[in-house]
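Work through the exercises below with the sequence and structure at hand. Each task is followed by its solution.

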Amino acid sequence: MRRIFEIGGEEREFWLSHDGRGYALHEGARQYSAALTPAEGKGAYVLEYEGRRIPLRLAVGDGATFIHLNGRAWEVGVIDPAERLAGAGAGAGGDVVLAPMPGVVVSVAVQPGDAVVEGQPILVIESMKLETTLTAPRGGRVAEIGFGPGESFGLKAVLARLAPEEG
Amino acid sequence: MRRFQSRIDTNAADYKENYAAMTARLAEFHARQHAARYERPQRDLDRLARQNKLGVRERLKLLLDPGTPFLEFSTLAACREYDGEVPGAGVVTGIGIVQGREVAIHANDASVKGGAWYPLSAKKIIRLLDVALENRLPVVHICDSAGGFLPLQRGVFPDRYLGGRVFRNQVQLSKMGVPQIAVVGGHCTAGGAYVPALSDYNVIIEGTGAIFLGGPPLVKAATGEEVGVQELGGAVMHTSVSGTADYRASSEQHAFSLAREIVGQWKRPAKTVIETAPIEDPFYDPKELYGIIPKDRKTNFDMREIIARIVDGSRFHEYQPDYGTTIVCGFAHIWGYKVGILANNGVLFNDSSLKSAHFMQLCNQNRTPLVFFQNITGYMVGRQYEERGITKDGAKMLMAQGGSVVPKFTVIANASFGAGNYGMCGRAWDARTLFMWPQAEIGVMGAEQAANTLADVKIRQLMREGKTLTEAEIAAIREPVLESYKRDIEAYTSTSELWDDGILDPVDTRNALGMSISAALNAPIETPPHYGIFRM
Amino acid sequence: MRKISRLLIANRGEIAARVARTAKARGLEVAVLRHAAEEAGPAHAIADQVVTIEGPTPVAAYLDIPQIVAAARKAGADAVHPGYGFLSENAAFVRALDAAGLIFVGPTAEVIDLMGDKVRARAFVAERGFPVAPSAIEDDDPASFIARSRAVGYPLLIKPSAGGGGKGMRIVREDSLLAAEIETARREGQRYFGDGRLFVERYIERPRHIEVQVMGDGRGNVVHFWERECSIQRRFQKIVEETPSPALSPAQRLEICETAAGIARAVNYRGAGTVEFIYAQDGGFYFLEMNTRLQVEHPVTEMVTGFDLVAEQLRIAEGEGLSTGQADIRQHGHSIELRICAEDAAADFRPAIGKILLLDEPRGEGVRVDSGILEGGRVTADFDPMLAKLIVHGGNRAEAIARARAAVRDYVILGVTTNTGYLDAILAHPAFAAGNVSTGFLAEEAETLTAPGEDMREALIAAAALSDQWLLYEVGQISEIHRRMGAWRN
């Protein structure tokens, strides 16, 4: 119900409500009544906004809505705050690559000191007749590789460790 | 439906006096509610900040759909217990809207004694889960509790309606197919650990959330093992090793955003269909209730004037307007929902009891929820009435009321005394919600009668011992009894003890009923209605 | 006389479509090119055949002479129209086509060679008595270059001999800076063009850019189609062009146009060309360069003269000669062209990319759109940011401005940032209305022209919110009672 809108580098958070008759946009304690009605023409609408009737053309893109209004085109970035929070969560991935099951290391793709990005393969293990590639849980620098090729390990063994994040 | 024609003169002196008296009462009420919600010792607020945790009210804000109502229950629970140091019994409960869905919310308030469960905390949580069971409302648990308050453990733990009942109700909900989600934003220790574990979904906040049967100190004492909170029951462990928790959140914001997404996955229940009409605001200003409710509890007033300021369009169809006139029965709409209303306009007599019983059967027959407005001092007593079978007619009313299959809602608008409380769907009679107005009183009888009865017993005993008492001595016996009894029948005592779901500002009654009725329609209405034996 | 039956257009975007339209109207079959990484444009829809070209980048493919010649062969074309840019002024390309027996719609390789070398072109023009700004050419005597530069007088402009598009140009106002600036310009010339040779010329303060459309049949007949004013430039690139120039008196107009025709005549020019002049505030004008191709802004000339310049090019290429004599070429009314570019005028004209989600071009009396884009197409950084040209015609300048404003405000391109709002701001500027501009106008008025205007942010946000279907769905999930109760608390 909440969205972050971005225009010209400025972000503002709004939420939308519908009181059974019409919509209202809320920003903090401020409230704006608004309605959008289709009009004649491709992507044409009339925006009723705070007592004004504003004809406009509109196209919804990926992550942004483009609006032609009053002779000019604008880009309004539309962000679901949940996406941003989920993104923040991804950065909180652990520092270690744990063995999901006992097995043997087949190959190691990085060395201590290497910079890795999230999802980059760290090592390949074999277990239960199946090779599995284990990847970096987050971006960072490799601090330690626990086992070399051919070495076997137990469940939850620390196969690799990333250097702690600074700050 | 015709509009009720009010006879209230808003310029009359008594109206104005009533209005002033109610306004003063409400100022106190709102101040007490505000204090119970927000005023905490600084050290408790500091501790929350230090732990990097949000307060329970901020958490609710993150959880609920913006711009939607939240019907909070029993804000002043425990206000007359534990020296007033456990505001709200340390729990926030209520019905709110998440992704358009009505949910029952149980949220620990860690700013009160670390969210520890007191006896009344358990009672409040169990009441909320009963509301969920009766109305089949999904539940959101926000867990952040130190566990049972040990010094009072005998009032928290063992009995049928104490701690264990919380988990028993969770199991029953799950069995009924009603989903639950827990957001673990603090510790869930011992029994509390079962709240997330028994929820269909749970989210745990990294850093602050932890779940364990025994915390680190208990583990050390029991087995000598030394282990930290995070390793023992932290978010990473539970989401990646034990599987006790489902989703790991990096922050409170993330946790509630996830919780909202999860609730958004739930099936929207097909609500029970009852008669509805387009929603209409009351024609008469609900604020006028303040001038209508007498400043003296004992002054009678026309309950129709109250109804007119709560129902849609102030429209009311009265049933049997000329029979059994001490009870007003009739149909109206509240937030569009058709309801059958019973409201006291005096003592219940034989005819008013019979009329009530008949009317309730009508409502059950056509699936119309019942709303009771109590202003009842009791059923009429005396030889004449007993001979006419007042007890038998009262029993018919109880049989009809207690046997009703439609949801019932009760507002104790003024007096709630004696068996009248039963007939008018008091707490024991499974009203889906029951609210009290701040000036209302509840007890087995009125304060004066009770004080006199108690004093008489004492005086007779003394007289039997051959003592004679002066007027002053009689008063000295009577006054303390009267004072203590008066306090016991006040709305604040009722709400402290959770005999109700909260005190309402009268103007909030319409919304509270609307929320309650809408929530109740998540559960089916059993058909056809059937009753026990009516004593004829 | 050699009739063309199939024409390959060795270009893309709006010009490919524009050339194709005239060619088709003349009964020619048309082949166009397309690189794998390139979106289909209007030209691909018009053409009879599309030949796929390859290369590490699309631009490299369009510049690949052997490949283009092979494409012409493959298409069975007997002539190639180069459009503008790419290989349009590449003498090697012309020679390759000649060798392959294909007609090049344009001048001879020799003329291209001559005019492509700024230093030689300038000397050629000056020798024949046409006006050029005081200048010094390093190559004439490198040892005395600084002394001769000083003699040109300040302010002066240092230019790379091999330059173009404004790259590597430096203005020097003080003698003390001259030596250092020359060295800087040399390094830049070396870097951009692989050629560090320089020349300097007098820098004209607040100059206007006026150019003349000429056309010759290669047999000595040369006519002009009057002037165009192109002073509205950002980063030395034109974005608004018009004709007639508001700066010229009828006598000056005749003089400048005949000068241009004289220069073209001196090289026995064949095809369409443009002679560019610097026009000083005192009315003096100096030869700048000659472009041996069709210009981007040629449509304004077509709008006021009524001639189809591409048709004339094709006639000349076929040996048919010009369709008209000088006496029949007259200016009627006024025309303005606006270059619609995918760029952010408020962010220093940073090129913009995106997908064209909605395209609705303006229509109406006196409005012409030469477009290179289609709805659904993707705008990438592979090519020049110009997407289309909006050309209007009016009975007089004021009417043309009014029509241009109405049309550009009606030009709906959604999905990629364009300069339409900025172009409207230029048209609305009082100095533009008064015709009182110079090539520095856009830089001088940058703040006014990119001013945000009325704050419509909240209305825009409202529109964005109410077109977010998921948001509406979510809000729609809230039942009426709870919506209407709002954020009630007991």
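**Exercise 1. Describe the fold of chain B.**

Step 1. Take contacts in chain B between residues at least 6 apart in sequence, where contact means C-beta atoms, placed from the backbone, within 7 Å: 76% of them join residues at least 24 apart. This is a predicted model, in which local features need pLDDT of at least 70, side-chain atom pairs count only at pLDDT 80 or more, and totals for chains, interfaces and linings use all residues. Residues are numbered from 1 along each chain as its sequence is written, and chains are lettered from A and ligands numbered from 1 in the order in which they are written.

Step 2. Chain B has 20 helices and 15 strands, taken as DSSP runs numbered from the N terminus (helices: H or I, at least four residues; strands: E, at least two).

Step 3. The C-alpha trace of chain B spans about 75 × 65 × 50 Å along its principal axes.

**Exercise 2. Characterise the side of chain C that touches chain A.**

Step 1. Count the residues: 34 of chain C are in contact with 40 of chain A.

Step 2. Find the elements: those giving two or more residues include β19 (358–360), α14 (420–428) and α18 (457–466) of chain C. The largest share, ten residues, comes from α18(C).

Technical notes: Two residues are in contact if their C-beta atoms, placed from the backbone, lie within 7 Å.
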